[in-house]
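Q: Could you take me through one part of this model slowly, looking closely at how its sheet is put together and what packs on it?

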Amino acid sequence: YIRDLLLNPPSFDVAAAVQEACRLMGNITCSIPEFTCISAAKLVKLLESKEVNHIEFCRIKNVLDEIMLMSRNAELSAILYKLLVPASVATGLKVEPDILMSECSVISQRIAEVISLGVENDQAITSFEHIPKDFFNDMESSWKGRVKRIHAEEEFANVDRAAEALSTAVIEDFMPIISRVKSVMSSNGSPKGEICYAKDHEAVWFKGKRFTPNVWASTPGEQQIKQLKPAIDSKGRKVGEEWFTTVKVENALNRYHEAAKNKVLELLRGLSSELQDKINILVFCSTVLIIAKALFGHVSEARRRGWMIPTISTLFPYWLDVNQGNAILNDVHMHSLFVLTGPNGGGKSSMLRSVCAAALLAICGLMVPSSSAVIPHFDSIMLHMKAYDSPADGKSSFQIEMSEIRALVSRATARSLVLIDEICRGTETAKGTCIAGSIIERLDTVGCLGIISTHLHGIFDLPLSLRNTEFKAMGTEVIDGCINPTWRLMDGICRESLAFQTARREGMPDLIIRRAEELYLTMAANKQQAISMVHNEPSNVSRSVNGLVEKPDSLRNRQETLPDAFEPLRREVESTVTMICKKKMLDLYNKHSITELVDVVCVAVGAREQPPPSTVGRSSIYVIIRSDSKLYVGQTDDLVGRLHAHRLKEGMQDATVLYIVVPGKSVACQLETLLINQLPLKGFQLINKADGKHRNFGIS
């Protein structure tokens, strides 16, 4: 429930009710119920399928009794009435307190009338001397003690009579044999015999061997031995060589099994049917207790950690326990947008998470990780932390970051809390700085509260127009000549990143760190000179049309000349392929190999292009024009996949492709073979010319 509440923050009225309930929970002095929790979905399923057993009925009664217990207690009743508000939102049901109490009383009383609550002593498990106790325990524990005996008095009496009859049958048919076995000695080995419980078959049988007399002399037990027959299972198969029973014992067993179990199940199903009309009340009560248990658990842990009901003052990371002294406390007075700087490991991300957690808990009406707090009810809380790339979507980490921040900026209002960690970290520094500055200006105009953390210190040199923004920093201090973070929020700008110290602390070789420090000093000393060179000297690097990719001039010029050089060859190949295919298609039509004469349209696919979706699932022939002017001819039913496979090979990346969609794979195979044999005769070079020599090439 807490998870769903945080993922879907409630309206102000609901949050206020939750907060007041938490406040009351923190101040009560009386004991509280156990809060029996039953899933609403499970409750509905069991009642509608009439599969509620006596244990679930007892739990349902506990839910109802705990609701009534809370209503009768002055301290708990105030909490109960507050919990009705979030319970109504969670269930979509609105139940008045007096109706709720009345229904709880009626349903609880009805369950108590039918279900045995364990206080009765008239349903003891049957016990007889000569029958194993496990038999009666297994047979009766599944239904005895489930319903009150008054509702099945006759059936219970039948069980008692059937159990007594079974005991009598066992004594009369098995005990004489047992007595005989104990008194007889044989040269073939001592006879064995006992009365056993066959658990897998829910039966009491005689188990023995070598008990049959060698000579029948009408001695005690012989008559009973003659009555024995092999025991069989429910499918009529013989159980084993050592298991025996008699007709009388089997009849008594069958009578016992049929005595009362069905009646008990009938009573349970009947009660399930009655309660189906009360499903809404039961679901509502269960939801109230689930919310109560969740909030009591939240309040107990929050008080242990020193959290408070918000009415931001001293704030600390929610994942740390302030009572253990391992949290740095910070005072956050946020009346505007913060641009937050600080060293690596200085606590910028922790500050964002702490503020986000406090605000989210507060607007849900929960306790927050602070010693005291005043938090407005935000209309939205928007947090952007680290971005990762998504190869499946074809997006880089910067693309994903821009997509998320675009949604954030477009939805932010003056009542929003906006939190962005390490803005524009995934792109080139200069342009990333300008994008970040523009985003800050936009959020400043909106007037929202929030924190934007960054290492792009160039933001502070931009001519930004800001009215609702403050510069904050995570502090540092110098100890023994070393700069260390204090993890405390302060006014101002921190340009120290502690990058070298952080890398060294994480085990980066000292040789690399020293070289990095040398490069850093050199870069700082030559910064102005480098800027001058960039602006005044001609560059040997040119930008592509879209400005995203930079390439050397030599490669750019070569690529720009390729289309002009290849255009005559492409037109010549296209004309020749079209002519050959048209003649072949006319020939096939005249021979009635195809039903209609289709237009032959040769389509070109450039180096960074792909065929349209209309080619999917259709047969086609294609000709690849390589950068060395050699051709490759093929046919396929998956042109997109085939071209992708070709372009993975060396020399094929920038190749141009011509293709013609044809009616069927058989036609495509014939045209492929024809082109492989005809194009060399027209003066073209093929790299798969040998394929045309195969007699059945392209047909099988």
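**A close look at the sheet**

A: Four strands form an open sheet in the order β1-β2-β4-β3, and their pairing is antiparallel. Strands here are DSSP runs of E with at least two residues, and helices are runs of H or I with at least four residues, both numbered from the N terminus; two strands pair if DSSP finds at least two bridges between them. At the edges stand β1 (192–198) and β3 (229–230), each with a single partner strand, so one side of each has no neighbour in the sheet.

Before going on, a word on the source: this is a predicted model, where local features need pLDDT of at least 70, side-chain atom pairs count only at pLDDT 80 or more, and totals for chains, interfaces and linings use all residues. Residues are numbered from 1 along each chain as its sequence is written, and side-chain values use heavy atoms, leaving out hydrogens and water.

Strand β3 is joined by two bridges to β4 (residues 243–245), and the two run antiparallel. For Pro230, the bridge partner in β4 is Phe244. As a general point, strands of a sheet pair through backbone hydrogen bonds, either parallel or antiparallel.

A helix joins the picture too. Helix α11 (residues 247–257) packs on the sheet and touches β2 (203–209), β3 and β4, where contact means heavy atoms within 4.5 Å. The direction of α11 makes about 155° with that of β2; axes are lines fitted to C-alpha atoms, for helices over the stretch in contact, and angles run from 0 to 180 degrees between N-to-C directions.
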